[in-house]
Amino acid sequence: MKAPKAVTNPTFTDWQPVDGKPACLYDAEPQNVLADIAARILTDFRQLPVNPGTLQAQPLPHTLKGAPTNLYTSTTEQSFNVTILGQTVHLTAIPTSYTYTFGDGTTLGPTPATGYSIPQSEWLTTDTRTSHAYTDTGNYPASVTTTFTGTYSVNNGPPLPINGTLNLTTPPITIQVWKTERALVADTCEQNPQSWGCPGTEPQ
């Protein structure tokens with residue numbers, strides 16, 4: 001068996017599938033197949049149905065003006081098997097960095113930080129690496145763009161890096177930013193449901 005020219009010091013173990021039988025590239029000109037796949041692999045990589053993950057916010061949907069709102073994302077490494085030029089190609093998409101768009105004209109990233117969930121008792125008081133404080137009230141569409149790098153292997157061969165990246169953005173979530181007001185009241189909402197600040201009452 002003759003390996004493609006792009007493989008340095010080839011051995012049968014480089015091209016041995018899980019069933020233990022030697023594998024080869026099959027084409028009229030097998031020496032060109034790996035180069036042809038490499039020439040188009042980025043295009044195929046960017047067409048994969050990679051899940052961009054999700055964006056979470058604490059608290060949600062309402063947060064307070066000037067307070068830290070914790071945002072974090074979750075996504076995973078994802079693998080796909082496809083056929084390219086008659087060959088079986090295994091591709092892996094690896095999340096490597098994240099760009100947070102907060103919806104008020106500010107962004108964070110690219111950063112390797114995915115962020116993380118924090119206890120409810122820490123909402124609005126704890127700054128995290130991916131938290132954001134809104135300076136004005138309003139409704140803001142927040143999202144995160146994940147940058148994936150990738151590898152591919154042909155017919156169970158060694159993994160090769162993909163020269164390029166894939167950027168995917170989550171659907172936006174709406175963060176409603178409110179402001180707080182303080183006042184002295186004579187009764188609690190249980191004692192007087194119509195008291196200032198109680199649910200369903202109009203601001204005075």
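Two strands are taken to pair if DSSP finds at least two bridges between them, and helices (H or I, at least four residues) and strands (E, at least two) are DSSP runs numbered from the N terminus. The structure is a predicted model, in which local features need pLDDT of at least 70 and side-chain atom pairs count only at pLDDT 80 or more, whereas totals for chains, interfaces and linings use all residues. Residues are numbered from 1 along each chain as its sequence is written, and side-chain values use heavy atoms, with hydrogens and water left out.

Strand E3, which spans residues 68–74, runs antiparallel to E7 and is joined to E7 by three bridges; within this pairing, proline 68 stands opposite alanine 133 of E7. Both strands belong to an open sheet of three strands with the order E1-E3-E7 and antiparallel pairing. Strand E1 (54–58) and strand E7 (131–133) are the edge strands of this sheet, each pairing on one side only. On average, neighbouring strands of the sheet are turned by 30° against each other, direction ignored, where axes are lines fitted to C-alpha atoms (for helices over the stretch in contact) and angles run from 0 to 180 degrees between N-to-C directions.

Threonine 69 is likewise found in strand E3. Because its relative accessibility is 0%, threonine 69 counts as buried, a class that requires under 20% relative accessible area, with exposed meaning over 50% and partly exposed in between (1.4 Å probe, protein chains only). Its side chain makes a polar contact of 2.6 Å with the side chain of threonine 63; such a contact is a pair of N or O atoms within 3.5 Å, of which, within protein, one must be able to donate a hydrogen and the other to accept it, and residues adjacent in sequence count only if both atoms are side-chain atoms. Not counting residues up to four places away in sequence, threonine 69 touches residues including Ala57, Gln58, Thr130 and His132, contact meaning heavy atoms within 4.5 Å.

E4 and E5 form a hairpin with two residues between them, and leucine 85 in the turn has a positive phi of about 55°.
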